[in-house]
Structures are given as structure tokens and as C-alpha cells.
Amino acid sequence: MSAVFTSDSCGLTYPDGTQALLNTSVSVAAGEFVSIVGPSGCGKSTLLRMASGLIAQTSGALSRTGTVQFVFQDSTLLPWRTVRKNVALNLELQKIDQQIIEERTTAVLDLVGLLDSAEKLPRQLSGGMKMRCSLARSLVLQPNLFLFDEPFAALDEITREHLNDELLHLFQNQHFASLFITHSIQEAVFLSTRVLVMSARPGRIIAEHAIDFPYPRHPDIRYQSDFAEICGKISADLKVAHS
Ligand code: ADP
């Protein structure tokens, strides 16, 4: 499958001399869900910002096909706008014809199962619905790559599992290419086609695991022995990464 994002031996040193990334090679193909795990401060967010084009690599080559969108959890939904108006916002900013905005917004709300809640305000939504709304807001722009920066880090375990189930469901329907940063090995394995492990700073990829569980995945794969086995392998890599 064709790559939507490739960083080829990219390094990134901030202006103050902090070397955040070193020879980082990452690629995401269309339809792939790639997660990155690594120690705090190893350069994961830097890698996402570089992938988005917000900051530029200082060495190596980077290629991107099409557009990228960050997906945030719920904090960036505008509380005074309805679900429909939140999803339409980015299209309105692009001055697209109102009728096309309506059509595209309706189609995406249907896709994420929020059509019945289109006139609700964010505070009336459950955590799962807020996430679907955030994702819908990005989906409506039809980006080629979605970037997730630890979207569920602040949540309790049960809520997190629930949102993982929802995100997996959406991915299985849409197969949007994703680069997903997380501290949770279980979350990474559960969702991803591939999991990459980053070293401590300066960050580089030290291990790569293809996750072979076929999609659609059942939530109960979390309790299978082969699931625990792959999590164990990644955990061992992370111990090396920390050292
Ligand atoms: P992670 O997401 O893995 O926790 P970051 O990408 O946020 O790591 O940060 C990697 C390193 O770069 C850290 O040491 C951090 O302090 C540093 N860093 C992040 N942003 C900047 C910046 N704008 N200027 C200088 N150093 C930065």
C-alpha cells in the first residue's frame, strides 16, 4: 500500500540545542494504524508535530501525501456549539458552500453514529460520544493521515477501554491512516496494525512489531494469551528503551 507519511532518517534539534529526534524512520501506509510507545520526553510529540508539518526536521527527508489532522479528545470542542456546528466548524472556516457543508457534516455524523445527537451540546455527551464528535470534526476534512497524541492518557482504565473499543470500531469501518502516540502497550496492541518502540531521547525507533490479529477485532482479544505475549515483548523493548 502507498505511504501517506514517511520520515527517512529524520533528526530534529530544537533551536536551544535539545536533540529530540535522531535518525527516525517511520512510515504509515494508507489504511494503517501505527502506534508509537516510548519513555516520557523521548520525542514522540515532536515526531507528531514534525509529521503534521508544524515543525521541520533538521536532518533527513520527510514526505507526506495529502493532508493531516490532529485528533484531540474532547477539550477542544466548543461548548456553545452543537455537535453539528462543532463538526461543521472547520468547513465553515474554509468558506465552503453552505449546502455542501450540510451534506458532508450529515454524512460524517451518520458515519460515527451521532446523527441523532446532532443538536446536542458537548456537555450533554458521554465521553465516547465526545470522542466520536472530535473524530467527526477531523473526518469531515477528509485528511489522509490522523495524528493522535495520547488522547486517552488522563482517563480511568474502564473509560479508556470503552473509548478504545469505540475507536477500533471506527477504524474498522473507515481504515483511516493513523499515527497514534500512547503510553499504554495494551492500547497500542489492541488498536494497531504496527507498534513502534522509541528509545529515550534523542528518540529513534528501536523496535517494530506487526500486530497480526485480524480486523474486525473482538474486545476480548485483550484476554488472549497471544495478546499478553506480544505486550510482553513490547514491554521488554521498552525496558531497553529506558536504559
Ligand atoms: P514526548 O512526547 O516523548 O514526551 P517531546 O517530543 O514532548 O517528548 O519532547 C522531547 C524532548 O524535546 C524533551 O526533552 C522536551 O523537553 C524537548 N522539547 C520539546 N519541545 C521543545 C521546544 N520547543 N524547545 C526545546 N526543547 C523542546
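Modeller: Strand S5 (residues 68-71) and S6 are joined by four bridges and run parallel. This is a predicted model, in which local features need pLDDT of at least 70 and side-chain atom pairs count only at pLDDT 80 or more, whereas totals for chains, interfaces and linings use all residues. Residues are numbered from 1 along each chain as its sequence is written, and side-chain values use heavy atoms, with hydrogens and water left out.

Biologist: What makes a stretch a strand or a helix, and why do S5 and S6 count as a pair?

Modeller: Strands (E, at least two residues) and helices (H or I, at least four) are DSSP runs numbered from the N terminus. Two strands pair if DSSP finds at least two bridges between them, and S5 and S6 have four, so they are a pair. In this pair, Phe 70 stands opposite Leu 147 of S6.

Biologist: Why is strand S6 called mostly covered?

Modeller: Four of the five residues in S6 (residues 145-149) are buried, a word that means under 20% relative accessible area, while exposed means over 50% and partly exposed lies in between (1.4 Å probe, protein chains only). In S7, Ser 178 and Phe 180 point one way and Leu 179 and Ile 181 the other, and all are buried.

Biologist: Why is Glu 187 called buried, but Ile 55 partly exposed?

Modeller: Glu 187, which is found in helix H6 (residues 185-191), has a relative accessible area of 2%, and this is below the limit for buried. Ile 55, in the loop between H1 and strand S4 (59-64), has 23%, so this residue falls between the two limits.

Biologist: What makes the link between Glu 187 and Thr 182 a polar contact?

Modeller: A polar contact is a pair of N or O atoms within 3.5 Å; within protein, one must be able to donate a hydrogen and the other to accept it, and residues adjacent in sequence count only if both atoms are side-chain atoms. The side chains of Glu 187 and Thr 182 are joined at 2.8 Å, so the distance lies inside that limit.

Biologist: What lies around the ligand?

Modeller: The ligand is surrounded by 14 residues, with Gly 41 and Lys 44 among the closest; a residue counts as near if one of its heavy atoms lies within 4 Å. A backbone N or O atom of Gly 41 is 2.7 Å from an oxygen atom of the ligand.
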